[in-house]
Amino acid sequence: MSTHISVPPQQLLERILTLEIVRVTERAAVSAARLRGHGNEKQADQAAVDAMRRELNKMPITGTIVIGEGERDEAPMLYIGEKVGINAGPDVDIAVDPLEGTTLCAKNMPGAIATMAMADGGTLLHAPDVYMQKIAIGPGYDRNVIDLDASPDENIRRLAKAKGVPTSAITALVLERPRHADIIAAIRSTGAAVRLITDGDVAGVIHTADTENTGVDIYMGTGGAPEGVLAAAALRCIGGQMQCRLILDTEEKRERARKMGVTDPKMIYGIEDMVKGDCLFAATGVTDGSLLSGVKFRKDGLIETETVVMRSVTGTVRIIKGEHRQIEKFHLD
Ligand code: VTB
């Protein structure tokens, strides 16, 4: 007798969408990669946006962009609130960063990625494109080891204690910005090491979940809110802790946030507040980086991509290498 294993229809579709979102980030990455090193951030970003939007609109979803290229009046494409997909299939929220690290791509420096996350409609935080304070660690720690409101040195001490190592064995990843001078000094005052990145804090947060390979224990600092929600989606899949707060330091920003449903401007968001249910996350390398290899253009038109795709229901992480042939032929269908 054959055993029949049934998968609920919603989950079946979501499993299928796991591969579909790989197509989306792959195409965005390839389009951006053609403009690597051309010094034109806008152009590279636009290429990634166009490709991502085209692919999203082929998906069997009724999708809403909740984290995108900007608010409606400032972004013609993939703006917050834009509907994507074939308008059939599940209602989903989508967070996109078609080119995370536009500067990295324009300068052909390591770490540019194309990334997106998808979840049931109404479950992703709708955040305006403002700054966000962030702190994140990987899985395996008790809850409340980190505290966004504690000082950076205090967080390092707490983490070292939880890990059972001296503070000098901790490495914190921080975006290199003048605004982080105090954080960097406070971290170093404990004897901990600081690893600086010029851009790309989605990958930066993800690195905390793989300390053995990346050497990164903790992420701290202020970056973009869109990148914060995307990173939270990744950690929802692979485990870890994150605390974030939108920086709403003007009435104008508070109003924009209010329009998106943010009632408490000082709220500290955990992963479950930013991603309230199960989600999918994908990222494809544009330039080579410590998370992913960049797009390779081989001879005879062969294009290679590397993508990480994660699914929170099972916590599965797949690294998918793509070999694309005839990408031009299929890209406008
Ligand atoms: C970060 C980083 C991004 O923006 O979120 C950063 O992850 C924050 O903004 O790659 P500032 O550059 O204004 O400091 C990016 O660098 C993308 O613009």
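**The ligand pocket**

The largest pocket of the predicted model has a volume of about 830 Å³, a pocket being an open set of points on a 1 Å grid over the protein atoms alone, with protein on both sides within 12 Å along at least five of seven lines. The volume is the space filled by probe spheres set on the points. This is a predicted model in which local features need pLDDT of at least 70 and side-chain atom pairs count only at pLDDT 80 or more, while totals for chains, interfaces and linings use all residues. Residues are numbered from 1 along each chain as its sequence is written, and side-chain values use heavy atoms, with hydrogens and water left out.

The lining (residues with an atom within 4 Å of a point) comprises 33 residues, with D45, D97, T102, D129 and E227 nearest the centre of the pocket. These lining residues divide into 13 charged, 10 polar and 10 nonpolar. The largest share of the lining, five residues, is contributed by α2.

Polar contacts are pairs of N or O atoms within 3.5 Å. A side-chain N or O atom of D199 is 2.4 Å from a ligand oxygen; for the backbone of D201 the distance to a ligand oxygen is 2.6 Å, and for that of G200 it is 2.9 Å. The protein buries 77% of the 410 Å² that the ligand exposes when taken alone (Shrake-Rupley method, 1.4 Å probe).

Methods:
Polar contact = N/O pair within 3.5 Å; in protein donor to acceptor, adjacent residues only side chain to side chain. 1 Å grid on protein atoms, 1.4 Å probe; cavity = no way out; pocket = protein on both sides within 12 Å on 5 of 7 lines; lining within 4 Å. Helix = DSSP H or I, 4+ residues; strand = E, 2+ residues; numbered from the N terminus. Nonpolar A, V, L, I, M, F, W, Y, C, P; charged D, E, K, R; others polar.
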